[in-house]
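User: Here's a model I'd like to learn to read. Take me through it one feature at a time, please.

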Amino acid sequence: MKRVAAFGAFLWDFVVGDDWVGAAGVAILLAAVAALAHLAHVASWWLLPPGVAAVLAATLRRAVRALTPARRTTAPHPPA
Amino acid sequence: MNGFALVLTTFLASGVEAVEALTIVLAAGLTRGWRSTVTGVVAATAALAVLIAALGPALTAIPLSVLRVGVGGLLLAFGLQWLRKAVLRAAGAKALHDEEAIFAREAEAARTAPVAGGFDGYAFTLAFKGVLLEGLEVVFIVLSFGANAHRMLLAVAGAAGAVVVTVAAGFALHRPLARVPENTTKFVVGLMLTTFGTFWGGEGAGVHWPGSDAALPVLLAVYAAVAGAAIALTRRAVAAQLPRALPTRVVAS
């Protein structure tokens, strides 16, 4: 059971990484593009670049907001 | 797809991961001895080769539209992860990846671990895990690029070339490759993965890109501009959030 949980955690980290918003944003974006292309039959390529930029901006914003001075790692650089 | 872009992406992605794996292998080998370390490296490399041999043909058998939306989506998610880290590092919001510091930490841990006679399980496990974990992402990138472009051999050649160059440089120097501009390389790989992930994911979802393959360099240029702006804005946001001067080099975890 422990190994299954460990494998699940590894898969989550592998695909999702540090912030789930990135992976979720990509999934929503591709679903929206597919819906526009297949259901509404409209060109939907224009949605992807700004959508990807918005997902990147959202995940960066979350990372910066999570920063506090106390949380920063300030270990000294080792001697050359 | 442009063969040069394919080889460049797999070469750079593999190079970055190979540099990180090399640091761990050197820490194990130089402190614990080479026999068990090399056995760990060979075992992990064999496991990765089996994965490529097993999954490569399986991926090429999947219908192209399904492959592209699935693999393209994953590539896009990976690309955004790489780009996010690179932007945060460039903006001073995340620790720089410091191979010398990581080497020192791993070597110290290896030195203090108990030594058993004969086969050294610690060195084997350290080298095996280091190579396997760093290699898995490369395997995915190589497989997805190779399968989507129907040029598996070219993708494997790009990755193998990077591993050979990195290993040769590391063993010639006998120290971690600290001077490799790792964050810049990760930034470039993040841009390439995001570009190809957008292109293939979109095609799989039913998008017809204007100009077909000619859309790729345009997407790359757009994302480079977006990432450049993101660095500037993130730097400003970090300065507003953390008013005091921040250390320029910190140890990455």
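**Where the chains meet**

Analyst: Let's begin with a pair of helices. Gly22(A), Ala23(A), Val26(A), Ala27(A) and Leu30(A) of H2(A) meet Val69(B), Gly73(B), Leu76(B), Ala77(B), Leu80(B), Gln81(B) and Arg84(B) of H3(B). "In contact" means that the C-beta atoms of two residues, placed from the backbone, lie within 7 Å. Helices (H or I, at least four residues) and strands (E, at least two) are DSSP runs, numbered from the N terminus. Keep in mind that this is a predicted model, where local features need pLDDT of at least 70 and side-chain atom pairs count only at pLDDT 80 or more, while totals for chains, interfaces and linings use all residues. Residues are numbered from 1 along each chain as its sequence is written, and chains are lettered from A and ligands numbered from 1 in the order in which they are written.

User: At what angle do the axes of H2(A) and H3(B) cross?

Analyst: The general idea: two packed helices are described by the angle between their axes and the distance between the axes. The axes of H2(A) and H3(B), which is residues 64–90 of chain B, cross at roughly 140° and come within 9 Å. Axes are lines fitted to C-alpha atoms (for helices, over the stretch in contact), with angles from 0 to 180 degrees between N-to-C directions. H2(A) and H3(B) are therefore oblique to each other; under 35 degrees is roughly parallel, over 145 roughly antiparallel, 65 to 115 roughly perpendicular, and the rest oblique.

User: How many residues of chain A and chain B are in contact?

Analyst: Chain A puts 32 residues in contact with 41 of chain B. On the chain A side, H1 (2–15), H2 (20–38) and H3 (48–65) each supply at least two residues. H3(A) gives the most, with 11. By class, this side of chain A has 24 nonpolar residues, eight polar and no charged.

**Inside each chain**

User: How do H2(A) and H3(A) pack?

Analyst: Their axes are 9 Å apart, at an angle of about 160°, so H2(A) and H3(A) are roughly antiparallel. The crossing of H2(A) with H3(A) is right-handed. H2(A) brings residues including Val21(A), Gly25(A) and Leu29(A), and H3(A) residues including Gly51(A), Val55(A) and Arg62(A). By class, this contact has eight nonpolar, four polar and one charged residues.

User: Over to chain B: how many helices and strands does it have?

Analyst: Eight helices and zero strands. For its 253 residues, a compact globule would have a radius of gyration near 18 Å, and chain B agrees with 20 Å (taken over C-alpha atoms; the rule is 2.2 Å times the number of residues to the power 0.38). The C-alpha atoms of chain B fill a box of roughly 65 × 55 × 25 Å along the principal axes.

One pair to look at is H2(B) (residues 34–61) with H5(B) (residues 121–149): their axes come within 8 Å and cross at roughly 20°. That makes H2(B) roughly parallel to H5(B). The contact of H2(B) with H5(B) has 20 nonpolar, 10 polar and no charged residues.

User: Where in chain A is confidence lowest, and where highest?

Analyst: Look at pLDDT, the predictor's confidence in each residue, from 0 to 100. Where it is low, the predicted coordinates should not be read in detail. In chain A, H1(A) is lowest with a mean of 79, and H3(A) highest at 94. The chain A mean is 82, with 84% of residues at 70 or more. Residues 70–80 of chain A stay under 50.

User: What is the average pLDDT of chain B?

Analyst: Chain B averages 84, and 92% of its residues score at least 70. Over residues 247–253 of chain B the pLDDT is below 50. The model scores ipTM 0.81 and pTM 0.78.

Note on methods:
Nonpolar A, V, L, I, M, F, W, Y, C, P; charged D, E, K, R; others polar. Left-handed = near helix turned anticlockwise from the far one by under 90°.
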